[in-house]
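Please look over the chain below before reading on.

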Amino acid sequence: MAPLSSCSCPCAADPTRIAGLAAGVGATVAWYALPDYVRSRPLRGLIKTGLLGVIGWSLVSMLPDEPELAPYDDEVDCSKGTEAAGEDPLDDITEADPSELAVLAGAAVGSAMITVGVERWLFRRGERRRAQGSRFAHTRQGLVLGGLEAALTALTFGAGAARERLSKS
C-alpha cells in the first residue's frame with residue numbers, strides 16, 4: 001500500500017478531511033440504522049439531533065481550504081468620500097424579483113418534501129423487511145447508503161484534485 005503522501009487526493013493529504021469523511025459516513029450509517037437499535041421515536045429524534053451536529057462538522061471539515069487574505073493596509077484612508085458617495089453599489093444585486101424568490105421558495109419546499117418522502121419510504125421499507133424476518137433491515141440500508149456516501153465523496157475529492165492539477169498546467 002502506498003503512503004498517504006504519494007496520493008494526489010486532497011483528502012489523503014489532510015487528516016482532518018479523513019476524519020470528516022469517516023465521521024460523515026459513520027453518522028449516515030448510524031442515522032439509517034438507528035431504528036434497529038432504538039425503538040422509541042422521541043429518543044431516535046434526540047439521537048438524530050446529535051448526528052446532525054456530527055454531519056455538520058463532517059461537511060465543514062471537508063471544505064476546501066480558503067485562500068489566505070491579503071494583509072490589512074492601515075495606511076489607506078477609507079473615510080474619504082468617493083465620486084459615487086451616497087450610491088449603494090449593491091442596489092441592483094440585493095433587490096430580488098418576487099418571481100425569483102417564489103421559484104427559490106418552491107425549490108426549497110420541494111426539496112424538503114422529497115427528502116421527507118424518501119426518508120419515510122426508507123423507514124417503511126426497513127420496517128417491512130423487519131416484519132418479514134430480516135435481521136438488521138435498517139442497518140443493511142444504512143451500510144449501503146454510507147458506502148454510497150463514501151464513494152461519492154471520494155469521487156468528489158478526486159474530481160477536485162483533477163481540476164486543481166489541470167488549473168496548474
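**Model and confidence**

This is a predicted model, in which local features need pLDDT of at least 70, side-chain atom pairs count only at pLDDT 80 or more, and totals for chains, interfaces and linings use all residues. Residues are numbered from 1 along each chain as its sequence is written, and side-chain values use heavy atoms, with hydrogens and water left out.

pLDDT is the predictor's confidence in each residue, on a scale from 0 to 100. Its mean over the protein chain is 83. A value of 70 or more is reached by 76% of the residues. Among the elements, helix α3 (residues 41-61) has the highest mean pLDDT, 95. Helix α1 (residues 10-13) has the lowest, 56. Over residues 1-5, pLDDT stays under 50. For that stretch the model has two contacts beyond four places in sequence; contact means heavy atoms within 4.5 Å. Where pLDDT is low, the predicted coordinates should not be read in detail.

**Overall fold**

The protein chain has six helices and zero strands. Both kinds of element are DSSP runs, numbered from the N terminus: helices are H or I with at least four residues, strands are E with at least two. From the N terminus on, the order is α-α-α-α-α-α.

Of the 169 residues, 22% count as buried. Buried means under 20% relative accessible area, exposed means over 50%, and partly exposed lies in between (1.4 Å probe, protein chains only). The chain exposes about 12,700 Å², an area from the Shrake-Rupley method with a 1.4 Å probe. Carbon and sulfur atoms supply 64% of that surface. Among contacts with a separation of 6 or more, 68% join residues 24 or more positions apart.

**The α5 and α6 pair**

Two packed helices are described by the angle between their axes and the distance between the axes. Helix α5 (residues 98-131) and helix α6 (residues 137-168) have axes that come within 8 Å and cross at roughly 135 degrees. α5 is therefore oblique to α6. Axes are lines fitted to C-alpha atoms, for helices over the stretch in contact, and angles run from 0 to 180 degrees between N-to-C directions. Angles under 35 degrees count as roughly parallel, over 145 as roughly antiparallel, 65 to 115 as roughly perpendicular and the rest as oblique.

On the α5 side, the contact uses Leu 122, Phe 123, Arg 125, Gly 126, Glu 127, Arg 129 and Arg 130. On the α6 side, Ala 137, His 138, Arg 140, Gln 141 and Leu 145 take part. These residues divide into four nonpolar, three polar and five charged. Here Ala, Val, Leu, Ile, Met, Phe, Trp, Tyr, Cys and Pro count as nonpolar, Asp, Glu, Lys and Arg as charged, and the others, Gly among them, as polar.

Arg 125 of α5 is partly exposed, with a relative accessible area of 28%. Arg 125 and His 138 are 13 residues apart in sequence and 8.4 Å apart in space, C-alpha to C-alpha. Phe 136 is placed in the loop between α5 and α6. Phe 136 is not a glycine, yet its phi is positive, about 55 degrees. Its relative accessibility is 39%, so Phe 136 counts as partly exposed.

Val 54 is in helix α3. The table gives their accessibility.

| Residue | Relative accessible area | Class |
|---|---|---|
| Thr 28 | 12% | buried |
| Trp 31 | 17% | buried |
| Val 54 | 33% | partly exposed |

The partners below leave out residues up to four places away in sequence. Thr 28 touches Leu 145, Gly 146 and Glu 149. Trp 31 touches Lys 48, Leu 51, Leu 52, Ile 55 and Glu 119. The C-alpha atoms of Trp 31 and Thr 49, 18 residues apart along the chain, are separated by 9.9 Å. Val 54 touches Ala 23 and Ala 27. Between the C-alpha atoms of Val 54 and Ala 27 the separation is 6.7 Å, across 27 residues along the chain.
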